Every structure is written in C-alpha cells, then in structure tokens.
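Grab a pencil and work through these exercises with the model open beside you. Each task comes with a solution that goes step by step.

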Amino acid sequence: MRRILVVMLFTAVAANAQTALQLRAGESVNGFPTWAERVELEWMNRARVAPQIEMAACGAACGDAACYTPQAPLYWSEALNHAARFHAAEMSKQGYFAHDSACTLPSGIKDLYPVACDGSASCACVGSASTAWSTRVSLFGAGPAGEIIAGSPEPNGAFYLWLFEPAAPALCGFTINNGHRWLILTSAGGVGVGVSGNDSVGDFGSGGVASKIASAAHYPQQAASVDIWANWYDAAAPRSANAVVDGHCTAMSLKRGTATNGAWSATATNVGSGCHRYYVSFIDSAGNEVTWPATGSLGIGCEDWNSTRMQASCSSTPPTSNTRHRTARH
C-alpha cells in the first residue's frame, strides 16, 4: 500500500544560502544527493514555476488548485538531504512509517550516519522514547519547517503521491489533507529529499545552495531517450540554454514558467545503454556561463556525479520558448 504523511512547523524559517565556498551547486558531496533525490527536487521546482499546469492534470482531486501561484525555487541543502535520507533509512531498517523517529536518537547522529550507522536500531537508538521529527532535523544541523514522507522509492511516483493527494476543500492554507502539496508549492528556502529502501522523505527548512540554475535532473534513469530538465531563476532571461551530453550540445527550450523563473528541457537520445555524462549550460544575460553541476558531470546509466566533464562550447543563440508540456503521472 502506498502511504504518505505530512507535518509542518508554523514558524518562520530564514532562507539564508550556504556560501559557495562550502558547496558548489549541483555537485555531489559523499554521495548526497542521488539521482532519485535530484529528480524529486527538480520536479518540485518544475511544478513551482507554473503550478496550474500540474493542478489541471490533478483535476478534481486538487480542490485547492486556485490557491497556488508561481514561486521562486527551492535550493538543495546538504544538511536537510542528510536528515531526510537518514529518516528514510531508519524507517526502512526499523520497519515503521511515521514522521517521528521510533526511538531516542543519539545527539551525534549526523556524525554517525551513513558511515558508522545505516539507520538500524542497533546504532541509531540510545533509548526507547521517540524523537520528534523536528528534533531529528535539528540534530543534522538544519532549521526544520516541514516534512513529507511517502512509501515509494521511485521518484516520479513518490512526487505525484505528494502533489496529487486528494484534498477537495478549496481552502488556501496548510491542512492535513493538502499538506504535501502546500509544502511543495509554497515553501521558501532550502529542501533536502532523501530516498532509501522503500521510502522517500522531503525535509523543508533553512539553508540551501543558491544558484541561477536552481536544480537539474534527467528522467527516466536510463532509456533510449531521456528528458533532461533544469530550472533557471534570475532577474534576466538567459541568452542560451543547452544540455551537453557526451560533449555534444542539445538546445533546451522553455517548457514551463517564464524566461526568468522557468523549467527548461531537452531530450537526449541514443542513451539506452552504456555510460553517458552530461551537464547543463546556460549563458546568462551578461554573457557568463552558468552550469549545473558547477563542476564535473551527471551520469545516465552510471555514477550520478563525478569530476569528469567533456567540455563543449555551445551556440549563444537565444533559446526558444515552448509552452507545450508533458505531465508524468503516477
């Protein structure tokens, strides 16, 4: 049975970005994030630039559809990513499904997970009393604002369990019925998505690595052709947008939102087998290249991120705008 749960703290959360000296946008830090976690973040930002596209696909189940308007992107937070994946891991290892941890967590859990502790009770528990979800997030060094969980490790499936949860009342605000959708489409600041075992977790809160390219990912993980998506957020439209796959440039077009806050996409073909490295390259209004990841490349059919890159110089021809869209559903 597919399951989803949501909680939220009604407190203001600062959206202070972590400095570029600490982390560079899109890079992997000791295996965080994974491909699935990148997809769930990108799907969040893709939905936020034009929520009514998703609401139209949701139909009658989304009775609060009129409440949502375009928003700035959410930015990846390493601390929230660790907190979220740990919770997915402990739920899977310990066999429960709830926001609060089933036992008392050690105060140094962020230093134990994942190297010295995989989420099992033998290393993750120092007492029988439960640990509040917000306390757990704080133990990982992040300011908690809300959490969503789903009993599905498949990123597209988990995301649409959250986004398309049935909520008939047209009430604009967080409720237990629409809370997953509300957090995805209205939160500000940082987010970390964690996927482990059979579960997915999204933790919303403070922090995040700010970049003009807020997120990017490809889906499905590997097939004859995959769609590469990226979100651009800046005061001015980019001069060009490209996906660079195996050293070759493929122009990206604006599929959702606006040229200053929009989701761009391109399709990579002939990638059904083997390893294919790629990155996303935008030229901003001042002529500067902005890439995701900042260094290295992402992988189709191989390691999610590594430091290698087949560099390419793509055309600076203004990108095309295409308001047509495809919506994946679970």
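**Exercise 1.** Are Arg 136 and Glu 147 buried or exposed, and what do their side chains form?

*Solution.* Start with the cut-offs: buried means under 20% relative accessible area, exposed over 50%, and partly exposed in between, using a 1.4 Å probe and protein chains only. Arg 136 is buried, and Glu 147 is buried too. Next, look at their side chains: they meet in a salt bridge at 2.3 Å, N to O. (A salt bridge here is a side-chain nitrogen of Lys or Arg within 4 Å of a carboxyl oxygen of Asp or Glu.) Arg 136 sits in helix H6 (residues 133-139) and Glu 147 in strand E3 (residues 144-150), so this pair ties together parts eleven residues apart in sequence. Helices (H or I, at least four residues) and strands (E, at least two) are DSSP runs, numbered from the N terminus.

A quick word on the ground rules: this is a predicted model, where local features need pLDDT of at least 70 and side-chain atom pairs count only at pLDDT 80 or more, while totals for chains, interfaces and linings use all residues. Residues are numbered from 1 along each chain as its sequence is written, and side-chain values use heavy atoms, with hydrogens and water left out.

**Exercise 2.** Find which residues Ser 101 touches, not counting those up to four places away in sequence.

*Solution.* First locate Ser 101: look in the loop between helix H3 (78-94) and helix H4 (109-112). Its relative accessible area is 0%, so Ser 101 counts as buried. Now list its contacts (heavy atoms within 4.5 Å): His 87, Glu 90, Tyr 96, Ser 130, Thr 131 and Arg 136. Arg 136 is the buried residue from Exercise 1.

**Exercise 3.** How many salt bridges are there, and which parts does the one between Glu 54 and Arg 256 tie together?

*Solution.* The count comes to nine. For Glu 54 and Arg 256, the side chains meet at 3.0 Å, N to O. Glu 54 belongs to helix H2 (residues 51-58) and Arg 256 to strand E10, so the bridge ties together parts 202 residues apart in sequence. Both Glu 54 and Arg 256 are buried.

Now try another pair: Lys 212 and Asp 234 meet at 3.7 Å, N to O. Salt bridges with shared partners join Lys 212, Asp 234 and Asp 284 into one network. Lys 212 is partly exposed, with a relative accessible area of 29%.

**Exercise 4.** Work out the strand order of the open sheet that contains E10.

*Solution.* The four strands run in the order E6-E7-E11-E10, with antiparallel pairing. Two strands pair if DSSP finds at least two bridges between them. E6 and E10 are the edge strands, each pairing on one side only.

Step along the sheet:

- E7 and E11 pair over nine bridges, and Asn 231 stands opposite Ala 263 in E11.
- E10 (residues 253-257) and E11 (residues 261-269) pair over four bridges, and Leu 254 stands opposite Trp 264 in E11.
- A hairpin of three residues joins E10 to E11.
- Four of the five residues in E10 are buried.

**Exercise 5.** At what angle do helix H1 and helix H8 pack?

*Solution.* H1 (residues 35-49) and H8 (residues 179-186) pack at about 80°, with their axes 8 Å apart. (Axes are lines fitted to C-alpha atoms, for helices over the stretch in contact, and angles run from 0 to 180 degrees between N-to-C directions.) H1 and H8 are therefore roughly perpendicular, a label for angles of 65 to 115 degrees; under 35 counts as roughly parallel, over 145 as roughly antiparallel, and the rest as oblique. The contact is made by Met 44, Ala 47 and Arg 48 of H1 with Leu 183, Ile 184, Leu 185 and Thr 186 of H8.
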